[in-house]
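Please read this briefing alongside the sequence and the 3D view. The points are grouped by topic.

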Amino acid sequence: MKRLILSVAVGLALLAGAPAWSWAQELPAAEVSAEDPFVPLYPLIGRTWRGISLGPDTAEDVVRWDWAVDGHAVRAVHAVNGGVYGGETTFFPDGESGNLIFSYLTSGGFHTNGSLTVRPDGVMEIEQMVHGLDGLERLRSTVTVPGDGTYQTRTLVERDGRWVPFGGFDYRIESGATVPRLSRSGEQSAVSVGELSLSRRIVANPGEPGDVAAYLRIENAGPADRLVAVSCTCAERIEMHRIDRSGDRPAMVSDASWAVEAEDRLDVRPGSPLHLMLIGFDPARAEHGQVELVLSFEQAGDVSAGFDLTPDSRASWVRFD
């Protein structure tokens, strides 16, 4: 998931300089000025692009470009996979170097900043610093523009003093596309069954198959009930785990059920002793950043609820507050 998010982040930033150098001749002469720092962005402004990522973690990215700050900046707004992740980039000229610099704010709890330069052969280069994601600090990228209404971004990440491939995106103009509205964790709709309301439904998704934890809040407006089973087509099985700290060392215990007391709340939250463990989880079964879990209650019965995939469960839980 982290690789996917950063690939999208870099793909968005790299849009800035790419097309203009190949397509500037298509613009009216009066619009092209060597003194205008926004010349590289002219072909993007007022257009929408759709991109597909490389590699196993396929993502679809939709980007819209417009003028901002009354023409003193340019803003690019994008959303991935229907709005499960996205952000906004603001481009503006650096007064000292004359290059375009940018700041990128995301719904993933991190941000980046960097600058764009153009090599003599016309290839765009981005140097980018990442803030707020452990293990990812510097990114370096290039853009290739074949001149047919498409472009490709390719990214490198610094690992142990070496630059290694980190993915990329292939974009194409799509005039009819619109940027989906971003889904904030705090705006997740509650799911109800009987007197129970289920919210803060998240799965800690590392982007690879394996065992992952899920969390939720269960609010009870009625008599006592019990969660007795959870299942999902996205995993081999789901167990209700509890960390037992009564002994010399913490031990993981699989509970048969969890009580939801009358007119009370059960928080299965990151950092607490409780979590749902999805054994053999397959992220490829997710749709639009969600997986469906079926929760069975002793009194209220069964209910199907969507759980949002997130690379940082603690940060996602806090955003509900």
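Which backbone oxygen lies 2.7 Å from a polar atom of the side chain of Arg-201? The backbone oxygen of Gly-306 does. This is a predicted model, in which local features need pLDDT of at least 70 and side-chain atom pairs count only at pLDDT 80 or more, while totals for chains, interfaces and linings use all residues. Residues are numbered from 1 along each chain as its sequence is written, and side-chain values use heavy atoms, with hydrogens and water left out.

**Arg-201**

- Arg-201 lies in strand E12, which covers residues 196-204; strands (E, at least two residues) are DSSP runs numbered from the N terminus.
- The side chain of Arg-201 also reaches the backbone oxygen of Leu-198, at 2.9 Å.
- A polar contact is a pair of N or O atoms within 3.5 Å; within protein, one atom must be able to donate a hydrogen and the other to accept it, and residues adjacent in sequence count only if both atoms are side-chain atoms.
- Arg-201 is buried but has no salt bridge. Buried means under 20% relative accessible area, with a 1.4 Å probe and protein chains only. A salt bridge is a side-chain nitrogen of Lys or Arg within 4 Å of a carboxyl oxygen of Asp or Glu.
- The nearest side chain of opposite charge to Arg-201 is Asp-308, 6.2 Å away; Lys and Arg count as positive and Asp and Glu as negative, while His and the chain ends are not counted.
- Beyond its neighbours within four places in sequence, Arg-201 has contacts that include Tyr-215, Gly-306 and Phe-320. Contact means heavy atoms within 4.5 Å.

**Ser-199**

- Ser-199 lies in strand E12.
- Its relative accessible area is 13%, so Ser-199 is buried.
- Not counting residues up to four places away in sequence, Ser-199 touches Gln-188, Ala-190, Leu-216, Arg-217 and Glu-219.

**Ala-214**

- Ala-214 is found in strand E13, residues 210-220.
- Ala-214 counts as buried because its relative accessibility is 0%.
- Ala-214 and Leu-274 are 60 residues apart along the chain, and their C-alpha atoms are separated by 9.6 Å.
- Leaving aside neighbours within four places in sequence, the residues in contact with Ala-214 include Ile-202, His-275 and Phe-307.

**Disulfide**

- The structure has one disulfide, a pair of cysteine sulfur atoms within 2.5 Å.
- Cys-232 and Cys-234 form this link, with their sulfur atoms 2.1 Å apart.
- The link of Cys-232 and Cys-234 is right-handed, with 125 degrees about the S-S bond.
- Both Cys-232 and Cys-234 are buried.

Definitions and conventions. Helices (H or I, at least four residues) and strands (E, at least two) are DSSP runs, numbered from the N terminus. Buried means under 20% relative accessible area, exposed over 50%, partly exposed in between (1.4 Å probe, protein chains only).
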